[in-house]
Amino acid sequence: EKDGHDWFMRKEIHEQPRAVADSLLGRRTPAGQLQLDEVRISDEDLRDIDKVIIIACGTSFYAGMVAKYAIEHWCRIPCEVELASEFRYRDPILTRETLVVAISQSGETADTLQAIRHARTQRSKVLAICNTNGSTIPRESDAVIYTHAGPEIGVASTKGFLTQLVACYLLALYLAQVKGTRYGDEINQVMDQLEAMPGHIQTVLDREEEVYALAKSYVGARSVLFLGRHAGYPVALEGALKLKELAYLHAEGFAAGELKHGPIALVEQDLPIWCVVPPRGRDQLHEKMISGIQEVRARGARTICLAEDGDTAIEPYADVLIRLPKVPTLLQPLVAAVPLQLFACELATLMGHDVDQPRNLAKSVTVE
Ligand code: BG6
């Protein structure tokens, strides 16, 4: 049942190329138009949407953070991301023109469910991104995009996360198509890039031994930090969450630009810091990330850099270099999250923890 793996989690990490491919299946018409069958909100209503609010918990929340970057960039619609547990208690501004997007692997998370119930009382449209057919959250939503990860057994989400990212990109592209903020050929170009992702994820998995070797040297570490920028920031947060959940280790993710405003005080000799290095591009993200890395190295941190193939500029600043396939910045979370999942799984295994059922956690939390 675990396909020869020791844990469901490890099996599920390896299922990600397939899960991502399945989640992309049948989304394009022969004419090259994007279609999402389960979106039961008319194009007319979608054109009127003037704000998107994403609500979710845990790992799903981090997928929502990536979605914000994609939606604002491709659709030019203001987008907020909010923890479901905070949402209704702050009296959020919701109108008929607000699209609320609820992201939940299980479809049963009570915080998220209560948030969408609140949104519906305010007449906002609710769209669910969910992995579980017929669960409560999609049943109570106006529309749903199902991810096709298959059942996720490991309590810590892996393939659930990657397929949520895919659904978020699809939603963003679909809104761009309906709103006319992106042309068909641009949308098709991104779809082509998305369809290449299962192969890229497989490439990362083929290099898993490097990550496992690294995990060995961090048994006994007391604290691990993660840095990222742009779409790499939620990846940093997710990497830290995985370590907390599985290895019961103090771990924190930061936006690299925020480092100098406080967290850099935490850096001491030999502190391990994972750095999610953005692809080189016209946006200076890469250069800015390198200067952050230089700052922490100057203070004795050991940097483990995730950087794209061919990025030689990073080499002098990486104590350990894990290579990622070359992909666009917005899509990089689909490959960058994978080594962090493997690292947490392996480190927790070496520490003798139950990876599939970490202490104190439940797969779906049905109390608020
Ligand atoms: C937590 C799980 O309880 O719920 C996390 O341990 C998960 O892994 C979070 O990300 C949200 O769950 P869901 O099912 O709403 O995506």
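Predicted model: local features only at pLDDT ≥ 70, side-chain atom pairs only at ≥ 80, totals over all residues.
Local features were considered at pLDDT of at least 70 and side-chain atom pairs at pLDDT 80 or more, whereas totals for chains, interfaces and linings use all residues. Residues are numbered from 1 along each chain as its sequence is written, and side-chain values use heavy atoms, with hydrogens and water left out.

Helices and strands are taken here as DSSP runs, numbered from the N terminus (H or I over at least four residues for helices, E over at least two for strands). Helix α8 comprises 21 residues, 159–179, and its first and last C-alpha atoms lie 30 Å apart, close to the 30 Å expected at 1.5 Å a residue; the expected span is 1.5 Å times one less than the number of residues. Burial is defined by relative accessible area: under 20% is buried, over 50% is exposed, and values in between are partly exposed (1.4 Å probe, protein chains only). By this criterion 20 of the 21 residues of α8 are buried, so the helix is largely enclosed by the rest of the structure. Gly180 follows α8 and has a positive phi, near 75°.

Helix α9 spans residues 184–195, 12 residues in all, and reaches 16 Å from its first C-alpha to its last, close to the 16 Å expected at 1.5 Å a residue. Its buried residues include Ile187, Asn188, Val190, Met191 and Leu194. They lie on the same side of α9 because they cover an arc of only 160° around the axis, the arc being that of the directions from the helix axis to the C-beta atoms. In general, an α-helix has 3.6 residues a turn, so residues three or four places apart point the same way.

Glu186 takes part in a salt bridge with Arg182, with the closest N and O atoms 3.1 Å apart. A salt bridge is counted when a side-chain nitrogen of Lys or Arg is within 4 Å of a carboxyl oxygen of Asp or Glu. Both partners are partly exposed, Glu186 at 29% relative accessibility and Arg182 at 23%.

The structure as a whole holds 25 salt bridges. One of them joins Asp6 to Arg10, at 2.8 Å between the closest N and O atoms. Here the two partners fall into separate classes: Asp6 is partly exposed at 37% relative accessibility, while Arg10 is buried at 8%. Another salt bridge pairs Arg90 with Glu80, the closest N and O atoms being 3.6 Å apart. This pair links distant parts of the chain, 10 residues apart, with Arg90 in the loop between α5 (84–87) and β3 (98–104) and Glu80 in strand β2 (residues 79–83). Arg90 is partly exposed at 38% relative accessibility, and so is Glu80 at 30%. Arg90 and Glu80 also belong to a network of salt bridges with Lys51 and Glu82.

Turning to the strands, β9 (residues 302–308) and β10 run parallel and are joined by 5 bridges; strands are considered paired if DSSP finds at least two bridges between them. Within this pair, Ile304 stands opposite Val320 of β10. Strand β10 covers residues 320–324 and is mostly covered, with 4 of its 5 residues buried. The loop between β9 and β10 contains Pro316, which counts as exposed at 52% relative accessibility. The C-alpha atoms of Pro316 and Gln294 are separated by 9.5 Å, and the two residues are 22 apart along the chain.

Two further residues stand out for their backbone angles. Most residues other than glycine have a negative phi. Asp3, although not a glycine, has a positive phi of about 55°. Asp3 is found in the segment before α1 (8–14) and is exposed, at 62% relative accessibility. Gln284 likewise has a positive phi, near 70°. Gln284 sits in the loop between β8 (272–276) and α13 (285–298) and is partly exposed, with a relative accessible area of 44%.
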